[in-house]
Amino acid sequence: MGVRSALIIGIFIALYGAVTFRLYTLQIDKGTFYSAKAESQLALAGMLEPVRGNIYFTDKQDDLIPAAMNKDFPFIYAVPKEIDDAAEASEGVAPIIGKDKADLQKIFSNKTDLYEPLLLKASEAQIAVLKTANIKGIYIEDQPARYYPLGDVGSQVIGFVSTAGAKDARPVGQYGIESFYEDALKGQEGSLDGDVVQPSDPGRDVHLTIDRNIQDRAGGIISKLIGEYGAERASFIVEETKTGKILAMGGTPSFDPNAYSSSAIKDFLNPNVQEVYEPGSIFKVITMSAGIDSGAITPDTTYVDTGFLTLNGKTVRNWDLQAHGLMTMTNVIEKSLNTGAAFAERKTGHKTFHDY
């Protein structure tokens, strides 16, 4: 056997030995650690199930705008077995991730614990400080989680994903589309209406008619009006009248689904479809619109407001219990006059009003 052949054989033996040692390290020496780590990470991210589908808004060009998607975030975890001083490690980690020092010390002191998740979606600032601290047994890796690129735009329509209330601590959809189409987004069989969902691999994507630009603009207008008039809450719906498509919907106060824990639970509800609401004076607008559209009245049509009106044995009064004299239909809407709405309906006619 020549020197060259012996050298080649020697190299292959060395490589084989290195591979064997690596396999021993992964499967035998640290096998339990990696098994626990993989199981915990997968359970935490919900990856033992199909990858969750995306939720899309649209625009006037029918381009799809991601409103809910999956994204990798920095993930902090601990290997308590590698931590020499639990008290010192907890002292360094606690202020960085915002957790109780005593609780962390208890976790770090358990030397039989090979893997302990600490914080998903860690911020860049937290990662920078943790890297500088260089604490033994504390690690950082990327972990997939739900991300909402539009922030609070349309959040009450979308909802969010969290582990709150989940029996097995896996992320589930809470409120909005995330909850309503939970099975479809997770790729499970379920009843689906029309073409609102499209097949994805393996979860399903949900395509909404919400126009990202109109949604953002409508939310801005409502917020401005609340500031001007000192209202507590407001809601809006923008509909494409020819097709019935909902182009914008929501209310304010709203919330950021990327940081939902900092908002009140009542802000998660879409006020247009999830709150009990008595229409009341909203129907004055409908009544007036029917009268004007039918030609029975105009915005300048007048009547004399006496403050009350008796119909079918019932007396209808204005909300302020006042008589305002000569009023136009525009004044009726401005002052929300009950007697004026009744006048507009009678001028329109019962049948025509009923048809509208």
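Predicted model: local features only at pLDDT ≥ 70, side-chain atom pairs only at ≥ 80, totals over all residues.
User: Which residues of helix 5 are buried, and on how many sides of the helix do they lie?

Analyst: Helix 5 spans residues 124–133, and its buried residues are Gln 126, Ile 127 and Leu 130. These residues cover an arc of only 95° around the axis, which puts them on the same side of helix 5. In general, an α-helix has 3.6 residues a turn, so residues three or four places apart point the same way. The buried residues are thus Gln 126, Ile 127 and Leu 130, on the same side.

User: Which strands are included in what covers the buried residues of helix 5?

Analyst: The cover includes helix 3 (86–97). It also includes strand 2 (65–78), strand 3 (116–119) and strand 4 (138–147).

User: How many bridges pair strand 2 with strand 4?

Analyst: Strand 2 and strand 4 run in the antiparallel sense. Within this pair, Ile 76 stands opposite Ile 140 of strand 4. The number of bridges between strand 2 and strand 4 is ten.

User: In the hairpin of strand 1 and strand 2, which residue takes a positive phi?

Analyst: Strand 1 (residues 55–58) pairs with strand 2 in the antiparallel sense over three bridges, and Tyr 56 has Pro 66 as its bridge partner. Six residues lie between the two strands of the hairpin, and the one with a positive phi, near 65°, is Asp 62.

Technical notes. Residues numbered from 1 in each chain as written. Heavy atoms only, no water. Buried < 20%, exposed > 50% of the residue type's maximum accessible area, 1.4 Å probe, protein only. Helix = DSSP H or I, 4+ residues; strand = E, 2+ residues; numbered from the N terminus. Arc of directions from axis to C-beta. Contact = heavy atoms within 4.5 Å. Pairing = 2+ DSSP bridges.
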